[in-house]
Structure formats: C-alpha cells, structure tokens
Amino acid sequence: MSFRYNKHKIIYFAIALLVVVMVVQSCQKEPQELTEEELNETLSGGTQTVFNSGGGAYGQPFPNMSGNNGFVHGVGDAAFEATFVSSPSPINPGLGPIFNSVSCRSCHIADGRGKPPMPGEQLSSMLIRLSVSGQEAHGGPIGIPGFGDQLQTKAIVGSKAEADLDIKYSYKTYSFPDGQKYELRSPSYQLKNPYIPLPGSYMVSPRVAPPVFGLGLLEAIPEWAVLANEDVNDANGDGISGKANYGWDEVKKQKALGRFGWKAAMPTILQQSAGAYQQDMGITNFIYKTKSAFGQSQYKPEMDAIIDVTDSLLHAVDFYVKTLAVPARRNAGDATVKRGKMIFQQANCTSCHIATFKTDVNVAFREISNQTIFPYTDLLLHDMGTELADNRPDYLANGQEWRTSPLWGIGLTQVVNGHNNFLHDGRARNLTEAIMWHGGEAEQSKQHIQKLSSIDRNALLKFLESL
C-alpha cells in the first residue's frame, strides 16, 4: 500500500506541476481536461520527466537522483562541456592532430540536434562517415585507407585536415491535392582538397548530431522488447519489416544489439561516447587507445603514449548522458492535438514510431528501473527508400536502412536549437518536409498523409509538436 501511495503521489504531483506550467505558458483560463492515458503520456520519460519547455529543456538531469548520482552527473556535465586544446597544455590537452570539434557540446548544442552548415559556415554539428567496399573482421564498414571511417575537416598546427566538404542542394516543388505547396531539397556531397589522393570509388554518409537526452532510458529497454517488434520478412503483411542491427561491443569483445547512431550500429552509450571522443576530437580513452590519425603519415606513435581522457571521466560522461531527463509532452488534451494523434495512428506511423516501452528492472540503478516511457521509436532498422539512401552498409544495415528516430521532445527543437532541420542529414527544414521524404516501408504512410486535408495535416503537425 505504501508503494502505491508513493507512486500515485509522484504522478499527481507531476500532473499538478504540468497544469501550472501549461497555464503560465499558454495563458489558458482553465486547465485542459486530460484522460488517464493522456496524463500518463505527458510523463514522456516516466518519473524521469522534466517540465521545462524552454531553451534548457534537453539538458536537465533526472529529477529524483540520489546525492551521489547527482554529483557524478555534474562531473560528467562539466566534462561534456570541456574544450580540448592541442598538447602540451596543463588543461584538457590531446586535441587532434585531426578533428571535427573541440568539445562534446560543440556538436550536441544544448544536448540537442545538429544541422548541416549554411553557406560559408564550417562543418560543426554534422559529420561524414567514409568507407570502401567490403567488411572488416567484425562485420562493420572498412574505412578509406589514409582517411579512416570518419572525415576530419580540421587539424592542429603542423597537421593537415583530411579534406573539405562541399554541399550543394537541388530543389523541387510539390503540391498537396488541396493546392498547398511544399519544397524538398536534395543534398549532394563532394570531398575537396584531400590531403592525399582519394581512391576511385568510396562511400560517403552524412550524419547530423542527434539529441542526447533520454538515452539512458532507451538503453534500459530490455533486448527482448526491442526484438519483439522485429518482422524481417514482413510475416504480418503490413509492409513494415523492422530489423535489429548488431554492432561490435568493444568492451565485451562480442556482437551486441545496436541501439544508438543513425544506423543503430552502437550498442552502448559508453562506446558511443568513447568513439566520439576519438573520432570527433582525436581524444584517446581506454576503449579507443589510438588517435584517429592512426595509419596516416602525420601520425606519430608518441601521440598515444598517454590516454587523453581518464577512465573515470569517460564513465562520468557516460553517466551524464544516461541521466539526461526527457521533457514532458505538452498540450496532450488539446482537441487538435488529439485529432493529430488519431491521424498518426491511422497512417500507421506507430508501426515504426512505437509510443510506449517499459524499461527493465534494475535494482542497482533505480532511477531507470521499471519506467513506462513514450519515446516513439522501435530502435530497429527500416528501409526508407532510395531517395533517403546513403548507399553505405553499416553492419547489418544496408544502404537504404535507417534506425527509427525517437520523436519525444521533437516539438522543442526550434526552441532549444534554433532550427527545425530533421532527418539523418538535416535536409528537411520542417516536419512537413521530414514526413514527405519518407519512402520505402513508410511509403504507404506518406501517401495517406499526402491525401489529408490541410486541417488534418495541421492537426498531425500539432500532435508532433506536442511530443
């Protein structure tokens, strides 16, 4: 009885707080009437939901951490924001010799979503994966000899960046049946001024930095719950054939279910963080002990004599990311939002963007244990059609497959990050464009939405903006 009372007390307190926030922000005269389902779904991250819809919405810690966990989160936060410089330096040395960014936050601005550069801007919150044909020993892609599997566009003094990136867009205008127009832009990518000649054939895959909040809860979803939604051969005939990816776990030295990255090739937040340190900044750690310039003429073995980030700091960054809370859903009781949610379901978007999961029981980490969450993803790979294809395999993901992106918090992208660029390469400049780029397994859903009236399309957008 005591457990139930406390659980309900927490929910009622959260709901009361939500009502206050809604009244203050939208100046409503009276709170909306919410069903029990809407009240539950308002808590997008379960008890690890925060009622912040401002510029800091993605960067809030779990609200009910213990004092010690809160301290570790703070240490990781400071490390996430730390700016690295080239050696020798008494503070944060080790940058480079080639790199993309100087800190974690310079890609994941405000813990949110990156975007492609505007004309004249440097590549900052977007990176480029590189590979040639074939697979390495564990089934992953093979990097370009002399370049590796990620393009580094910056270098410290005395070294050379691998190449520059040129992005060009072509534009095409389309119309909905009611006459409303929309425009889609198609990017093309060219590597220029390489420091050594590039091979005659290679593959390029652009990736904007994804949001990092809520990842600890996604990592806590039981593996069986992810695999339960697999339907590789489309046995149920609905046109949706989700597939799990299995990457290489560098710590356990074995294949493991991938959950993170645009192609779900990364099995853990720890490895994702370690890989970003090495590839994005040239910072070595206990998982990746060699500089990203390894194999190049400008690499020197003495560069790896000292590990740049200590084990404890890497684990603190891992814990920081794991304990970033999820912003609460907003306006769940609004009539237009309710209509939009129904349209989302009717269009079968929920076959990939699955609303609800429950995290595993974890007695050692109670903050993420047994939480009902609403991420709107299945963490599986889906064929998104030829127009979104990067034509670059990544473990079990082929060149047309991408992981279903979580939708929680998507409606706050403009507020937090100052833009509305979506999809893996940021080509979509708003939610309408993002939807209309869907193809492959999502083609039928897109066609359903394309035929909607402007009123219903607006309702669908209002629903997405409420997440």
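Which residue does K291 meet in a salt bridge through its side chain? In this predicted model, the partner is D308, with N and O 2.8 Å apart. Both residues lie in the loop between α6 and α7 (311–322), 17 residues apart. K291 counts as buried because its relative accessibility is 5%, under the 20% limit.

**Salt bridges**

The count of salt bridges comes to 20. Three of them are listed here.

| Pair | N to O distance |
|---|---|
| K291 and D308 | 2.8 Å |
| D390 and K263 | 2.9 Å |
| D318 and K322 | 3.3 Å |

D390 and K263 link distant parts of the chain, 127 residues apart. D390 is placed in the loop between β14 (381–383) and β15 (401–403), and K263 in the loop between β10 (254–257) and α6 (269–281). Both residues are buried.

D318 and K322 are four residues apart in helix α7, so about one helical turn separates them. D318 is buried at 7% relative accessibility, whereas K322, at 21%, is partly exposed. Elsewhere, salt bridges with shared partners join R207, K263, D390, R392 and D394 into one network.

**Helix packing**

The axes of helix α8 (residues 335–346) and helix α12 (residues 454–466) come within 7 Å and cross at roughly 100°, which means that α8 is roughly perpendicular to α12. Residues of this contact include I343 and F344 of α8 and L460 and F463 of α12. By class, the contact residues are seven nonpolar, four polar and four charged.

**Surroundings of S125**

S125 sits in the loop between β2 (98–99) and β3 (126–135) and is buried, at 5% relative accessibility. Its side chain reaches the backbone nitrogen of K115 at 3.0 Å. Among the residues that S125 touches are S106, C107, V208 and A209.

Terms used
Residues are numbered from 1 along each chain as its sequence is written. This is a predicted model: local features need pLDDT of at least 70, side-chain atom pairs count only at pLDDT 80 or more; totals for chains, interfaces and linings use all residues. Side-chain values use heavy atoms; hydrogens and water are left out. Helices (H or I, at least four residues) and strands (E, at least two) are DSSP runs, numbered from the N terminus. Buried means under 20% relative accessible area, exposed over 50%, partly exposed in between (1.4 Å probe, protein chains only). A polar contact is a pair of N or O atoms within 3.5 Å; within protein, one must be able to donate a hydrogen and the other to accept it, and residues adjacent in sequence count only if both atoms are side-chain atoms. Contact means heavy atoms within 4.5 Å. Axes are lines fitted to C-alpha atoms, for helices over the stretch in contact, and angles run from 0 to 180 degrees between N-to-C directions. Angles under 35 degrees count as roughly parallel, over 145 as roughly antiparallel, 65 to 115 as roughly perpendicular and the rest as oblique. Ala, Val, Leu, Ile, Met, Phe, Trp, Tyr, Cys and Pro count as nonpolar, Asp, Glu, Lys and Arg as charged, and the others, Gly among them, as polar. A salt bridge is a side-chain nitrogen of Lys or Arg within 4 Å of a carboxyl oxygen of Asp or Glu. Lists of a residue's contacts leave out its neighbours within four places in sequence.
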